[in-house]
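Welcome! Please take a moment to look over the sequence and the fold before reading on.

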Amino acid sequence: MRIAVTGSIATDHLMTFPGRFADQFVADQLHTVSLSFLVDKLDVRRGGVGANIAFGMGQLGTRPILVGAAGADFDEYRAWLDRHGVDTASVRISETLHTARFVCTTDADHNQIGSFYTGAMSEARLIELKTVADRVGGLDLVLIGADDPEAMLRHTEECRSRDIPFAADFSQQIARMNGEEIRILLDGATYLFSNEYEKGLIESKTGWSDEEILGKVGHRVTTLGARGVRIERAGEDPIEVGCPEEERKLEPTGVGDAFRAGFLSGLVWGVGLERSAQVGCMLATLVIETVGTQEYALRRAHFMDRFTKAYGHDAADEVRTHLS
């Protein structure tokens, strides 16, 4: 099963200012602010939802095809993804723009000042999925993740016109999309991913009820935070899967991406929806125990020990042969 993952590719530049932003502002001069903060820490982390999901699938050995746009500064990031089992040959490299970048400074009170540079991500709309499919011998599923909005719309329409099954996953782009765009992006999706809050927002913006949306998609996959995930299909009882016990809780960024990586890998293995969701929840737990969206290490024996403890020996036996 060949899965293409479309979505953003970005780096995060995270800085720490040891003081308080509030101490630096002059009340009657806020109309002409000119400040520079001397920071004492810089973390550069790989990110972007497309790259995060593809990295997780690569860790699980399912060889995803990453589809997105980056800049000429992507070489080191590409090498990292290649080493971790991701097919990056369909990433478009911009001739003029840098890879998308989030730059953020956090002060001692955890206030933040940040900027997001879209950069090369805007060129994702120029990618044709047929070229990707021809290169790899066809596509069985395309995950359409948060990306340049025009790219998301183009990929969705191309999947429909070429009869390629697709999964709709708006995540952070849902805030800027209107109801008509969301209706276009989800109608006919084999899978619709969202968290609980996004689920309500989708219904509010589209004007469609939960039942109406279930009639337009094959499966509705809703992540429930610490409570796990719920998978719904029209006319059938929902499947609910809980999360494994956490060893520690460090940072939640990228947890949803990790779930999707595990779930999609389960689909590649053919282990069924419940097992796929269990793999997703296990991978998401590893991410929440790590600082950074791609900094976790997937040690097979450790993964299976915890998976067995959470879901039992029968579930583990189904997954173990694929993971090893």
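## About the model

This is a predicted model, in which local features need pLDDT of at least 70 and side-chain atom pairs count only at pLDDT 80 or more, while totals for chains, interfaces and linings use all residues. Residues are numbered from 1 along each chain as its sequence is written, and side-chain values use heavy atoms, with hydrogens and water left out.

## Helices α4 and α5

Helices here are DSSP runs of H or I with at least four residues, numbered from the N terminus. The axes (lines fitted to C-alpha atoms over the stretch in contact, with angles from 0 to 180 degrees between N-to-C directions) of α4 (residues 149–161) and α5 (residues 179–186) come within 9 Å and cross at roughly 35°.

Where the two meet (heavy atoms within 4.5 Å), α4 brings M152, L153, T156, E157 and R160, and α5 brings E181, R183, I184 and L185. By class, this contact has 4 nonpolar, 1 polar and 4 charged residues; Met, Leu and Ile count as nonpolar, Glu and Arg as charged.

## Helix α11

In α11 (residues 313–323), A315, A316, V319 and L323 are buried, meaning under 20% relative accessible area, with exposed being over 50% (1.4 Å probe, protein chains only). The cover over these buried residues includes α8 (255–269), α9 (273–288) and α10 (300–311). H313, D314 and T321 are exposed on the face turned away from the buried side.

## Cysteines

The structure holds 0 disulfides, which would need a pair of cysteine sulfur atoms within 2.5 Å. The sulfur of C281 lies 4.2 Å from its closest cysteine sulfur, in C243, too far for a bond. C281 is buried at 2% relative accessibility, and C159 is buried at 1%.

Note on methods: Helix = DSSP H or I, 4+ residues; strand = E, 2+ residues; numbered from the N terminus.
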